[in-house]
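Colleague: Please show me the model and let me ask how its labels were reached.

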Amino acid sequence: MIITSLLDTDLYKFTMWQALLHRHPQTQSEYRFVCRNQPQYPLAELLPEVNAALDHLCTLRFTANELDYLGGLRFIKSDFIDFLRIFQFQRAFIEARAEGEQLSIVARGPQVHVMGFEIFVLAIVNELYFRRFDAAALVHGRERLAAKVRQLQDLARQATLRHPFELFDFGLRRRYSGPWQREVVQTFAQQAPQWFKGTSNVLLARDLNLVPIGTMAHEYLQTYQALGVRLRDFQKAALEDWVQEYRGDLGIALTDTVGMDAFLADFDLYFAKLFDGLRHDSGDPVAWGEKALAHYARQRIDAHTKRLVFSDGLTLERALMLYRHFGDRTQLGFGIGTNLTNDMSDAPEMKPLNIVMKIVRANGQPVAKLSDTPGKTLCDDETYLAYLRQVFNVKE
């Protein structure tokens with residue numbers, strides 16, 4: 001089976017889960033799977049195997065050792081551990097079926113029972129998809145991995161900037177396979193520990209004694225579009241609840257749910273002081289970073305006390321370019337995903353899938369993100385999208 005532990009997911013699933021369980025446990029939500037690029041064969045062919053993997057996923061429970069590990073993270077509260085102790089995914093809340101050549105997967109039900117499906121579904125589809133291709137890809141993957149390690153090790157011979165280069169693994173959701181992600185993370189941890197600082201994968205963080213990395217994703221902020229606050233105030237309401245839940249921990253805010261400009265309009269001195277930094281996930285990263293630093297300057301906040309985290313489709317080369325641009329001006333972090341855990345070959349069949357599973361409704365009404373990158377918006381209600389753009393003055 002592809003998934004054998006419920007810890008084999010991203011940290012921010014647990015942090016958002018706890019916040020929403022404590023503050024909005026009654027929320028109903030719907031998540032949909034989408035493939036944004038053209039696969040080498042129809043994903044609908046994977047349906048029987050996907051359903052079998054989902055059946056198995058819904059038999060898993062958190063073990064005592066896993067709960068002990070989660071409970072040892074200082075921002076995880078004991079009542080959330082009590083909830084996880086009895087938690088089990090319900091098969092009735094998720095459906096996978098074929099729609100022509102497309103694979104349709106929908107999770108629908110109480111948000112605190114369906115939000116966790118996302119990462120597991122993506123990992124399952126990815127691994128099943130790539131199992132059909134030549135296993136010799138691992139040979140090429142190891143060559144590419146070794147080249148990346150050498151790139152990092154070369155940093156030791158370059159001029160030192162004021163702030164260090166820090167790399168994180170964010171590659172769970174689109175990994176070639178679970179064993180390959182483990183090999184990649186272990187290799188970086190052993191051969192480039194000066195620069196490799198952690199992984200979003202909680203299971204690997206525990207097993208390899210690494211720091212688990214992550215705070216929030218778009219689904220957390222999007223949910224607040226449907227929680228009864230004035231739509232114009234949903235970002236401020238979400239950030240305020242986060243501050244109250246974690247009181248100084250997990251202080252990296254995600255900026256592009258309705259675009260960077262609209263975010264900064266809400267990210268006033270209060271939030272700018274309370275949050276440790278910002279995460280980039282769409283749009284031009286240099287322009288985004290310059291906007292962030294200018295905002296801190298207007299607030300008279302020393303940017304050297306803050307952190308910018310970049311996580312949008314990064315390669316190691318792009319991360320190093322951004323580091324050279326910003327490394328003397330602020331603290332930095334680089335979360336690389338697909339290019340770490342699914343960079344196996346230039347062969348067409350080894351091109352990574354661009355798959356997501358995003359929240360599309362909460363409490364019966366549409367929710368959306370207005371990404372700074374065209375094509376990343378996911379919403380099936382054009383009327384709502386137009387309204388959201390109007391409220392936040394975002395051009396189409």
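Modeller: This is a predicted model. Ask away.

Colleague: In what sense do strand E2 and strand E3 pair, and over how many bridges?

Modeller: Strand E2 (residues 94-99) pairs with strand E3 (residues 102-110) in the antiparallel sense, over six bridges. Two strands count as paired when there are at least two bridges between them, so the word applies here. One of the partners is isoleucine 94, whose bridge partner in E3 is alanine 107.

Colleague: What lies between the two strands of that hairpin?

Modeller: The hairpin of E2 and E3 has two residues between the strands, and glycine 100 takes a positive phi near 65° there.

Colleague: How do you know that E1 pairs with E3?

Modeller: Strand E1 (residues 28-35) is joined to E3 by five bridges. The cut-off is at least two bridges, so E1 and E3 count as paired. They run antiparallel, and serine 29 stands opposite glycine 109 in E3.

Colleague: What is the order of the strands in the open sheet?

Modeller: The order is E2-E3-E1-E10-E11, five strands with antiparallel pairing.

Colleague: Why are E2 and E11 said to stand at the edges?

Modeller: Each of E2 and strand E11 (365-366) has a single partner strand, so one side of each is left without a neighbour in the sheet.

Colleague: Which helix lies across E1, E2, E3 and strand E10?

Modeller: That is helix H6 (residues 117-130), running at about 150° to E10 (355-362).

Colleague: Why is H1 called roughly perpendicular to H11?

Modeller: The axes of helix H1 (residues 11-23) and helix H11 (residues 234-246) come within 10 Å and cross at roughly 95°. Angles of 65 to 115 degrees count as roughly perpendicular, so H1 is roughly perpendicular to H11.

Colleague: Which residues meet there?

Modeller: Among them are Phe14, Met16 and His22 in H1, and Trp242, Glu245 and Tyr246 in H11. By class, the contact of H1 with H11 has five nonpolar, four polar and three charged residues.

Colleague: What makes arginine 175 buried rather than exposed?

Modeller: Its relative accessible area is 1%. Buried means under 20%, so arginine 175 is buried. Arginine 175 is found in the loop between strand E4 (167-169) and helix H8 (178-191).

Colleague: Why is the link between arginine 175 and aspartate 8 called a polar contact?

Modeller: Their side chains are joined at 2.9 Å. The cut-off for such a pair of N or O atoms is within 3.5 Å, so the distance qualifies. Arginine 175 also touches other residues, including Ile3, Ala123, Gln181 and Asn342.

How values were computed. Residues are numbered from 1 along each chain as its sequence is written. This is a predicted model: local features need pLDDT of at least 70, side-chain atom pairs count only at pLDDT 80 or more; totals for chains, interfaces and linings use all residues. Side-chain values use heavy atoms; hydrogens and water are left out. Helices (H or I, at least four residues) and strands (E, at least two) are DSSP runs, numbered from the N terminus. Buried means under 20% relative accessible area, exposed over 50%, partly exposed in between (1.4 Å probe, protein chains only). A polar contact is a pair of N or O atoms within 3.5 Å; within protein, one must be able to donate a hydrogen and the other to accept it, and residues adjacent in sequence count only if both atoms are side-chain atoms. Contact means heavy atoms within 4.5 Å. Axes are lines fitted to C-alpha atoms, for helices over the stretch in contact, and angles run from 0 to 180 degrees between N-to-C directions. Angles under 35 degrees count as roughly parallel, over 145 as roughly antiparallel, 65 to 115 as roughly perpendicular and the rest as oblique. Ala, Val, Leu, Ile, Met, Phe, Trp, Tyr, Cys and Pro count as nonpolar, Asp, Glu, Lys and Arg as charged, and the others, Gly among them, as polar. Lists of a residue's contacts leave out its neighbours within four places in sequence.
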